[in-house]
Amino acid sequence: MSLKLTTLADDARIAFDNLTDFAGGRSGGQVRLGVAGLARAGKTVFITALVHNLIHGGRLPLFEPWRSQRLIGADLEQQVHDDVPTFDYRAHVRELVGNRVWPQSTRQIAEMRLTIAYESATFFGRNLGSGRLHLDIVDYPGEWLLDLPLLAKDFATWSREAFARARDPRRADIAGPWLAHLATLDPSAAADEETVAEAARLFTGYLAACRQDAHALSLVPPGRFLMPGDLEGSPALTFAPLDVAPDARAPRGSLHALMERRYEAYKQVVVKPFFRTHFARLDRQVVLVDPLAALNAGPAAVADLALALEEILACFRPGRSSWLTSILTRRIDRILIAATKADHLHHTSHDRLERLMQRILAEPIARAEKAGAKVEVKAIAAVRATREAQVRRGGESLPCIVGVPQAGETIDGRLFDGNDDIALFPGDLPENHEVLIRRVEALVEEGRAVHAEARSPNEASLAGAGGPWAKGASSGRAAQADGDLSPDLRFLRFRPPRLETTAEGATLSLPHIRLDRAIDFLIGDKLA
């Protein structure tokens, strides 16, 4: 079930903003597409590749309007909101195509408008002339999505959830300094700005450590702590969880009162405006995830990713779309969960990766579909940086990927300078990965139990040491060593490819894997 994150006043404001958007798109159809992703999943690359292929006539055989030759063209237009930064598409293309470097990660919200001209698929529509679709793309950091569930949680609930996760043995080392400092604090003591700042600093350091490749953990709210932007150092970003009972009252002037007040300010000043102004006005949503980094770190990281996506999907407003709902109360009627960097695996593992994601997200996907939304999971590479080859070694033929590693990448003691092609056997996902899935599902169930316990604690759980994620509390199945179940995968970061040219000398668009399927799912029906 989706969380209720708005008041009647919020809903009225959202309806007014939707009417404004409708008026701005009156010369053609309009779709507002949200693009978000977690931890280097490739949001900027996805948007740039999508737009580049549509503008430059890229190879999109599974995009029906392209395949049926109904796609006339696409052009950039001025975006409609003057108070939102414009997505710098041209600069990102120069980086990808000219310099062959990946663009910088998304640090703030940005928008762009792409107008697509097409011929209708119906006889009646063709006689009315060509159609136009305004595609408004909203790019924002995926970490901001992790903040949306906070709107439905008070300070005590959020604190208990944060503590439960931090006390998990799989996080014990990285959470240690913060938890040790927190044990010295008395929530009822008088507030001291230096104490608050130190607690916030250590808590932020713990969240940043969770995100590092060695752990690849995704459930790390509040998201703005890791990318504060112009709010860095503000009181709204200077707070941390406290070990407080669910019914504890915060004495006036106490540490508890100050932390609670700043937590609520964070929700009102940072989270709610983003939800009301941008997120609640989307028609369709792409969530980009990098499951390979999580798989490399082990089942615990995969389970953490699944829990993060569950919380995110619970905040969406799914439902069937109609002309009336698009004007008054928009609903997200299509959600694409894109497992990125498919070019880092041989194609024989792509369908296995999709099945893995579908299994671990089965419940939130089912809830969104029950509400009327269509949901698809696809393994994609918005820009394909590798090609496939067969390499013989010791009489055995190995399916490899070939590409140019980025400067500074290393494998087996070899340091790359960013100029040489290599053939790499990346490993593969096992065809039957039921053991891995069962392990992940067990960890996800443990995480759900922790969240439920934090929201409705009882005396027994309060007396414990962190609930089901505490050391020794795992089921026998979940107590197996992660390393025994993780696929043997090897990843390098590859440079963007050189663009191919035709025999006539024309430069082709950015190569991809299943970007055409993604585009067809997201907007193909709007170009009928």
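Grid points are joined across faces, edges and corners, and a volume is the space filled by probe spheres set on the points. Of the 13 residues that line the largest cavity, A39, A216, S218, D290 and A293 are the closest to its centre. This is a predicted model, in which local features need pLDDT of at least 70 and side-chain atom pairs count only at pLDDT 80 or more, while totals for chains, interfaces and linings use all residues. Residues are numbered from 1 along each chain as its sequence is written, and side-chain values use heavy atoms, with hydrogens and water left out.

The structure holds 2 cavities of 30 Å³ or more. In the table, Ala, Val, Leu, Ile, Met, Phe, Trp, Tyr, Cys and Pro count as nonpolar, Asp, Glu, Lys and Arg as charged, and the others, Gly among them, as polar.

| Cavity | Volume | Lining by class |
|---|---|---|
| Second largest cavity | about 50 Å³ | 7 nonpolar, no polar, 2 charged |

The lining of the second largest cavity includes W158, R165, F203 and P221, and α6 (155-166) and α8 (193-211) each supply at least two of its residues; helices (H or I, at least four residues) and strands (E, at least two) are DSSP runs, numbered from the N terminus. P221 is also joined to P222 by a cis peptide bond with omega of about 5°, and P222 is found in the loop between α8 and α9 (255-277).

An open sheet is formed by 3 strands in the order β8-β9-β12 with antiparallel pairing, two strands being paired if DSSP finds at least two bridges between them. Its edge strands, β8 (387-393) and β12 (422-424), each pair on one side only. Strand β9 (residues 396-403) pairs with β12 over 3 bridges, and G403 stands opposite I422 in β12.

R514, although not a glycine, has a positive phi of about 65°, and its place is in the loop between α16 (459-463) and α17. Helix α17 (residues 515-523) is largely enclosed by the rest of the structure, because 7 of its 9 residues are buried, that is, under 20% relative accessible area, with exposed meaning over 50% and partly exposed in between (1.4 Å probe, protein chains only). Among the buried residues of α17 are L515, D516 and F521.

Key. 1 Å grid on protein atoms, 1.4 Å probe; cavity = no way out; pocket = protein on both sides within 12 Å on 5 of 7 lines; lining within 4 Å.
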